[in-house]
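Hi,

Here's the structure I said I'd pass along.

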Amino acid sequence: MLDMLQYKDLDSLYAANLECRACGLRQGCKQVVISRGNPAGRVMLVGEGPGSQEDEQGKPFVGPAGQLLDKILAAAELPPEDVYITNVVKCRPPGNRLPKADETRSCLPWLERQIELIAPRLIVCLGALAGQTLISPDLRITRDRGTWSKYRGIDITATFHPAALLRDPNLKRPVWEDFKVIRDFYKRMLREE
Ligand code: URA
């Protein structure tokens, strides 16, 4: 059992995460992909796992889904300097398959410690895997998207993954509805600070 509390800051956490071999995914990918954005950001977005472009570039959400995500964030007036982006698993699953339950479980301590050290004000889960990991194992994204709860005292919600939007344009409207609520939450938070 890894003692995550030994990592007192993000630098030491990232350095250890880069060396992780806790599951088989590291063997099949080029590099460990941890985050992009501002670690001091109020808004944390959590996706599923790196795809091929992310594995190449070492940053999450830099491929087509990431480009769409950046457009959504701009439309929702969430400034890039206030956003931090990561994934449930930090190593690319082969062929972009979903991470398996044991892989997600092995990687979870990294994400949990990341959230503790970032201490965001709001977490947005992108897709079912992130929602099931951080909100409830029973979460169903179609049913539960747009609902709000708490993760260790932090406001948290889930919406469809941007890659799902690329496959099914009908999901654009519900995602935009969810991001309008996120935008309003964000603006209210700034006003109340
Ligand atoms: N999909 C994800 O869930 N994360 C990425 O980083 C890229 C695509």
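Lining residues have an atom within 4 Å of a point. Points are joined across faces, edges and corners, and a volume is the space filled by probe spheres set on them.

By that rule there is one cavity of 30 Å³ or more. The largest cavity comes to about 110 Å³, and 14 residues line it, with Cys-20, Ala-22, Cys-23, Cys-91 and Cys-107 closest to its centre. Helix 2 (25–28) and helix 5 (101–118) each give two or more residues to this lining, and helix 5 has the largest share, with three. (Helices are DSSP runs of H or I, at least four residues, numbered from the N terminus.) By class the lining splits into nine nonpolar, two polar and three charged residues; Ala, Val, Leu, Ile, Met, Phe, Trp, Tyr, Cys and Pro count as nonpolar, Asp, Glu, Lys and Arg as charged, and the others, Gly among them, as polar.

A caveat: this is a predicted model, where local features need pLDDT of at least 70 and side-chain atom pairs 80 or more, while totals for chains, interfaces and linings use all residues. Numbering starts from 1 along each chain as its sequence is written, and side-chain values use heavy atoms, without hydrogens or water.

Now the largest pocket, at about 620 Å³. Of its 27 lining residues, Glu-48, Gly-49, His-161, Ala-163 and Arg-167 are closest to the centre. The lining has 13 nonpolar, 10 polar and four charged residues.

So where does the ligand sit? It takes up the space of the largest pocket (the test is more than half of its atoms within 2 Å of the grid points). Around the ligand are Gly-47, Glu-48, Gly-49, Glu-54, Pro-60, Phe-61, Asn-87 and His-161, counting residues with a heavy atom within 4 Å.

For polar contacts (N or O pairs within 3.5 Å), a ligand oxygen is 2.7 Å from a backbone N or O atom of Glu-48, and a ligand nitrogen is 3.0 Å from a polar backbone atom of Gly-49. His-161 puts a polar side-chain atom 2.7 Å from a ligand oxygen.

Cheers

Notes:
A polar contact is a pair of N or O atoms within 3.5 Å; within protein, one must be able to donate a hydrogen and the other to accept it, and residues adjacent in sequence count only if both atoms are side-chain atoms. On a 1 Å grid over the protein atoms alone, a cavity is a set of points where a 1.4 Å probe fits but cannot get out, and a pocket is an open set with protein on both sides within 12 Å along at least five of seven lines; lining residues have an atom within 4 Å of a point.
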